[in-house]
Amino acid sequence: MVQESLVLRLQEVDITHVPIVGGKNASLGEMIQSLTKLGVNIPGGFATTAYAFRAYMKQTGLNDTIREILAKLDTTNVTQLRDCGAQCRRAIMSKPFPKELQDAITDYYLEMCEKYRGGHDVDVAVRSSATAEDLPNASFAGQQETFLNVHGVQEVINACHKCYASLFTDRAISYRVNMGFDHNQVALSVGVQLMVRSDLAASGVMFSIDTESGFKNAVLINGAYGLGENVVQGAVNPDEFLVFKPTLKQCKPILEKRLGSKEIKMIYDIGGGKTVKNVPVSPADRLRFCITEDQVLTLARWAVIIEEHYSKHHGRFCAMDMEWALDGESKTLYIVQARPETVVSQRSAAQNNTLTTYRLKTDGLKLKRVAQGSSVGSSVGQGVAHVIHNLQDMKLFKAGQVLVTNKTDPDWEPIMKLASGIVTNFGGRTCHAAIIARELGIPAVVGCGTATEEIQTGDEVTLSCASGERGAVYQGLIPFEKEEILIDVLPQTKTSILMNVGNPQDAFRLSTVPCGGVGLARLEFIIANHVKVHPLALVHFDQLQDLKVKQEIGDLTKLYESNRPQYFVDHLASGIALIAAAFYPRPVIVRMSDFKSNEYANLLGGAQFEPSEENPMIGWRGASRYYHPEYKQGFALECQAFKKVRQEMGLVNVIPMIPFCRTPLEGKKVIQEMASNGLVQGQNGLQVYCMCEIPSNVLLADEFLDVFDGFSIGSNDLTQLCLGLDRDSGIVSELFDERSPAVKKLISSVIQTALRRGKKIGICGQAPSDYPEFARFLVQEGINSISLNSDSVVKTIVDIAALEKSFK
């Protein structure tokens, strides 16, 4: 009988055997049986059973011994916990395995040797897989030991024995006590799995969901050189890749690539007492991604296959947490573990129906940033910092402090649950510190590099994870505010309500706000914050005159030495793609660059290529730049970025929009310039919109609509040019009002023209967000869409639904 077997081959078990071989081994068997035929590679092996563990504990009398050791344990006393755990582990290691269990492990290991190495000793990974009868909600991930590069019968048996002992690590004991589990209810299975030679290549962690926002249409992949323990433990800052699932079958939708520092890698240790060791990574390899784009896409496709399989099995959406490895000898990718994701999936309905936003109140404050890294969560935390370098000092940590350290592992969990925030030098968004911070609901900034040097114990600090993927730690206790928007069942509106999205890093989180898409995404934000370099400074890099600026641009573009303009294309495309993916397949209107010449000059290298204008607001901006001989090479890079997003990634919901187009002829020139760069209006459903922000756009609306597929009203510039004032002038600022009868008359006129022509017309200016009565005016005029700031969407939907109802 399976239930009374001591050892089972992985291909003999499936997900129904969790009580027998634990979740980890059952999942491996499930994938071997069901997913290898779909092209997913899973290393083979075998597993000792829970029956074998219970028989061993009973025959040796260890159950009574351990019950006696733990009888009076107080898990909040870190010193006592450490002493009791050590006693339990020593007791287990003092009792050898029964002969029948040793023989079974030997037979199955020799079978692997014959299958994979022609009878020679095969290298294996020996992993613990805890299980519990009648405890379906128990989660033992990361609490027990794993041993890598184990070979030889006796070494495999020894590693299995150590895995048994690791059921009583300090963290595992603490978890069971806190959860109210009887220690004797929990058993251990040991998985012995073919070792993937990722020590010669790379490995990492992968989620079939965005771990921060819960966005379901993305695969998040972290990777580094060598064996995967460094990524899991947060010992390295890994490479990070984000892939879009819906277009993955037909396209190559790598939304974002982030190069990690990858200072060390774990490899086999030849000789000595250890089986693995960490060594430095060469500077050249650190400047390369650890896997190719094709390998990234293969992993992402496997993530989708695995997620679909487990979702079907559970009868509900089931996001997955996976570990992968690339074999350096065969160049073959493998999935070495897969389990359901446990944080996002546990969110309550109330949490899913609430959009929570944190903002630092920085008015009049001069912030001093002391550390920066990857953000975990989207909240703000603060308190007194406590820098801890080793486990022996954990007992000094006090509740409410901010934990600052190199990295964490499960042994740190007793104090992590007391922290108001966590800061680490190493690790990415899938490391141990990040996972536990998410589970605890506290902010963390990981992979900061030098946080333990820049922050001292006793410093008051504020962690902010409220600005997207990059988190920051600031000196002092900075005031902040928290805003909650209820996203419940909302009424339908005839007028489409869109959203203005500035920061691509906010897009996944904002995609939960109920809206019809994005009415305005500005390239200027992406260029200024993510690209930072003037496009012509990349095109003419060798001719740059300012050597300091040239060096700075060279450092930014060090991965693009052979083609620096591609840096602009890739980073701009990534920013556009993140927004487009978040709202796919809803339309996303992206305004092409609308910097004024003085703003362009502020970009790195920009001063050399920009004129000095008396009034840049109405000077060389928008459409007039795109076809001009002095800038058309820069506009070509913008077009290439759009082309990459639409054609390579398959995000055809992106609609480019042309700003500040003064005449219909100018519009035609821009359309021709776009076509010459591969963006052909009408091809593959490509629409091109025009900003309606100049009185000529209204007066010649029919002629403009002969050129463009739609209008989006920019109420700020239209008001400024209609009333003949500078909105930046404090002297006349009180006259600036989009609700002016003159402005409203222009807007009414262009809406009616667009409706008569059957062309789309919306508004993306600030006025509808600021003035509910202005939004009502637009609805009465019959506008197709209104684009609002995220904090105005829900309230405006309710208001407009009531207004539309009153018209009937």
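**Reading the features of the model**

Modeller: In this predicted model, helix α22 (residues 632-648) packs with helix α23 (residues 664-676) at an angle of about 65°, and their axes lie 9 Å apart. In general, a pair of packed helices is described by the angle between the axes and the distance between them. The crossing of α22 past α23 is right-handed.

Colleague: Which residues of α22 and α23 make the contact?

Modeller: Helix α22 contributes K632, F635 and C639, while α23 contributes V670, E673 and M674. By class, the residues of this contact are four nonpolar, no polar and two charged.

Colleague: Turning to the backbone, which residues are joined by a cis peptide bond?

Modeller: Most peptide bonds are trans, and most residues other than glycine have a negative phi. Here, Y584 and P585 are joined by a cis peptide bond, with omega about 0°. P585 is placed in the loop between α19 (565-583) and β25 (588-591).

Colleague: Where is K331, and is this residue buried or exposed?

Modeller: K331 lies in the loop between β12 and β13 (333-340). K331 is not a glycine, yet has a positive phi of about 60°. The residue counts as exposed because its relative accessibility is 59%, and the cut-off for exposed is over 50%. K532 also has a positive phi, near 75°, and is a residue other than glycine. K532 sits in the loop between α16 (523-531) and α17 (535-539), and at 40% relative accessibility K532 counts as partly exposed.

Colleague: Why does V402 count as buried?

Modeller: Buried means under 20% relative accessible area; V402 has 0%, so V402 is buried. V402 belongs to strand β17 (residues 402-405). Leaving aside neighbours within four places in sequence, the contacts of V402 include Q382, H386, F397, S420, V461 and L463. The C-alpha atoms of V402 and E460 are separated by 8.8 Å, and these residues are 58 apart along the chain.

Colleague: How many cavities of 30 Å³ or more are there?

Modeller: The count is one cavity of 30 Å³ or more. The largest cavity has a volume of about 180 Å³. Among its 19 lining residues, R127, S198, G228, A325 and V336 are the closest to its centre.

Colleague: Which element supplies the largest share of the lining of the largest cavity?

Modeller: Strand β12 does, with three residues. Elements that each supply at least two lining residues include β3 (124-132), β5 (186-194) and α8 (229-233). By class, the lining of the largest cavity holds 11 nonpolar, five polar and three charged residues.

Definitions and conventions:
Residues are numbered from 1 along each chain as its sequence is written. This is a predicted model: local features need pLDDT of at least 70, side-chain atom pairs count only at pLDDT 80 or more; totals for chains, interfaces and linings use all residues. Side-chain values use heavy atoms; hydrogens and water are left out. On a 1 Å grid over the protein atoms alone, a cavity is a set of points where a 1.4 Å probe fits but cannot get out, and a pocket is an open set with protein on both sides within 12 Å along at least five of seven lines; lining residues have an atom within 4 Å of a point. Grid points are joined across faces, edges and corners, and a volume is the space filled by probe spheres set on the points. Helices (H or I, at least four residues) and strands (E, at least two) are DSSP runs, numbered from the N terminus. Ala, Val, Leu, Ile, Met, Phe, Trp, Tyr, Cys and Pro count as nonpolar, Asp, Glu, Lys and Arg as charged, and the others, Gly among them, as polar. Axes are lines fitted to C-alpha atoms, for helices over the stretch in contact, and angles run from 0 to 180 degrees between N-to-C directions. A crossing is left-handed if the near helix is turned anticlockwise from the far one by less than a right angle, and right-handed if clockwise. Contact means heavy atoms within 4.5 Å. Buried means under 20% relative accessible area, exposed over 50%, partly exposed in between (1.4 Å probe, protein chains only).
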